[in-house]
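Here is a short walk through one structure, written for someone meeting it for the first time. Have a look at the chain first, and then we'll go through its inside.

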Amino acid sequence: MNLVLMGPPGAGKGTQGEILSKRLDINTISTGVMLRTAIKEQSEIGKIAEKYINDGKLVPDDVIVSIVKERMQKPDCAKGFILDGFPRTTAQAEALTESGVKIDKVLSLEVADEAIIERLSSRRECSKCGAPYNIISNKPETEGICDKCKGELIQRADDVPETIKNRLNVYHEQTEPIKAYYEKLGLLVTAKGEDKLEDTTSNVAKALGLEV
């Protein structure tokens, strides 16, 4: 299965991508990793991308699509792949289609903004060892103190409610319109993200026609 995984920040795409990767025995591929690999390997398209990055510019859609296409030719993608974090815009989705990369399904993980803001703004991490906590679902034994190393628990800058709202606005404006594009192509399926991981995983399996 060649799958595109999309959804707002904090919806749980990374976790579901890992679960699907193991279940379907296919790789999850992020554009960030693909870019770094292409540059490291100094492929022709990697050299082009590196020049844009070194000049402090965004890598153009056609270059990103070429890197995706190049990555799909590798043997470990023969059985399929899960694209996470790409495409991010309708223009990228159109370019991907035009490039001839076959997509079987586009799974959109649906979670309400309010739930995402609550979920992400509740996250904390230890300033010393980096252990993750959640003040709602995964509390430390002593408030504000890490159970493992007694370090201070802090909130990351990108988990502040105002920052989360800005990230969600960018998603709704730039990425969410992709759903309409793939719906027209008959490729879009949706799954509701629940509070419990196993419930979300079950919804994802149903949406993709897999055994629950």
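## The cores

The largest nonpolar core is made of 31 residues, and Met-72, Leu-83, Ile-103 and Tyr-182 have the most contacts inside it. A nonpolar core here is a set of buried Ala, Val, Leu, Ile, Met, Phe, Trp, Tyr and Cys residues joined through side-chain atoms within 4.5 Å. Elements giving two or more residues to this core are β1 (2-6), α2 (31-41), α3 (44-54), α4 (61-72), β3, α5 and α8 (178-184). Helices (H or I, at least four residues) and strands (E, at least two) are DSSP runs, numbered from the N terminus. With six residues, α4 brings the largest share of this core. Apart from it lies another core of 19 residues, among them Leu-5, Leu-107, Val-204 and Ala-207.

Keep in mind that this is a predicted model, where local features need pLDDT of at least 70 and side-chain atom pairs count only at pLDDT 80 or more, while totals for chains, interfaces and linings use all residues. Residues are numbered from 1 along each chain as its sequence is written, and side-chain values use heavy atoms, with hydrogens and water left out.

Back to Ile-103: leaving out residues up to four places away in sequence, Ile-103 touches Asn-2, Val-4, Phe-81, Leu-83, Leu-96 and Leu-187. Contact means heavy atoms within 4.5 Å.

## Phe-86 and the tyrosines

Phe-86 sits in the loop between β3 (81-84) and α5 (90-98). Beyond its neighbours within four places in sequence, Phe-86 is in contact with Val-4, Thr-31, Ile-64, Val-65, Val-68, Gln-92 and Leu-96.

| Residue | Relative accessible area | Class |
|---|---|---|
| Phe-86 | 2% | buried |
| Tyr-181 | 17% | buried |
| Tyr-182 | 1% | buried |

The structure holds one aromatic pair. The ring centres of Tyr-181 and Tyr-182 are 5.1 Å apart and the planes meet at 65°, so this pair is edge-to-face. Rings of Phe, Tyr and Trp (its six-membered ring) pair if their centres lie within 6.5 Å; planes under 30 degrees apart count as stacked, over 60 as edge-to-face and the rest as tilted.

## An open sheet

Three strands form an open sheet in the order β6-β5-β7, with antiparallel pairing. Since β6 (132-134) and β7 (153-154) are at the edges, each with a single partner strand, one side of each has no neighbour in the sheet. Two strands pair if DSSP finds at least two bridges between them. Strand β5 (residues 123-126) pairs with β7 over two bridges, and Glu-125 stands opposite Ile-154 in β7.

Technical notes
Buried means under 20% relative accessible area, exposed over 50%, partly exposed in between (1.4 Å probe, protein chains only).
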